[in-house]
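Subject: Structure handover

Hi,

Here is the structure we talked about. Please look it over alongside the notes below.

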Amino acid sequence: MRTLALFFVVGAAVAQAPTFYQPVGTMSQLMVDIIYPASDAIFYVERAPPKTERDWNALRGTALALAESRNLLMMDSRARDRGDWMKDAKLLVDVGAAAFKAARAKDLAAILALNDDLNTACVTCHQQYRANYRRRTPTP
């Protein structure tokens with residue numbers, strides 16, 4: 001019985017423990033300023049393929065930002081739920097991590113091969129969590 005009581009006291013203390021994360025931007029700002037540009041760099045890499053070491057470094061950094069954005073999406077203040085939201089965020093990190101690895105290897109074909117997976121990660125989440133996604137208002 002004492003162990004059970006101690007478990008509840010410790011659990012309550014952990015639940016009330018201060019968070020060390022401090023969101024700066026809104027979900028919309030995170031998408032517009034970090035995730036969209038990073039995903040576009042992967043989606044449209046063929047338009048201006050990396051040629052120099054500097055180009056590859058920039059693409060590698062962009063892919064890393066995409067992969068790490070999952071952690072930003074999973075913060076308590078941003079996470080919509082602990083189920084599908086977390087699974088959808090994992091799709092994003094998987095693609096970002098694969099793009100990061102491909103950019104480190106300077107493997108353009110591998111980056112191009114990620115387009116379908118990246119599209120799936122974006123669409124899957126947006127269909128469920130973004131209001132009016134792909135619904136257009138009829139024009140009179």
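Start with a charged pair: the side chains of Glu53 and Lys106 form a salt bridge, at 2.4 Å from N to O. (A salt bridge here is a side-chain nitrogen of Lys or Arg within 4 Å of a carboxyl oxygen of Asp or Glu.) Glu53 sits in helix H3 and Lys106 in the loop between H4 and H5, so the pair ties together parts 53 residues apart in sequence. The whole structure has 4 salt bridges.

A word on the basis. This is a predicted model, with residues numbered from 1 along each chain as its sequence is written. Local features need pLDDT of at least 70, side-chain atom pairs count only at pLDDT 80 or more, totals for chains, interfaces and linings use all residues, and side-chain values use heavy atoms, leaving out hydrogens and water.

Confidence next. The protein chain averages a pLDDT (the predictor's confidence in each residue, from 0 to 100) of 84, and 83% of the residues score at least 70.

Now the helix packing. The axes (lines fitted to C-alpha atoms over the stretch in contact, with angles from 0 to 180 degrees between N-to-C directions) of H3 (residues 53-73) and H4 (residues 84-104) come within 8 Å and cross at roughly 165°. That makes H3 roughly antiparallel (over 145 degrees) to H4.

Best wishes

Key: Helices (H or I, at least four residues) and strands (E, at least two) are DSSP runs, numbered from the N terminus. Angles under 35 degrees count as roughly parallel, over 145 as roughly antiparallel, 65 to 115 as roughly perpendicular and the rest as oblique.
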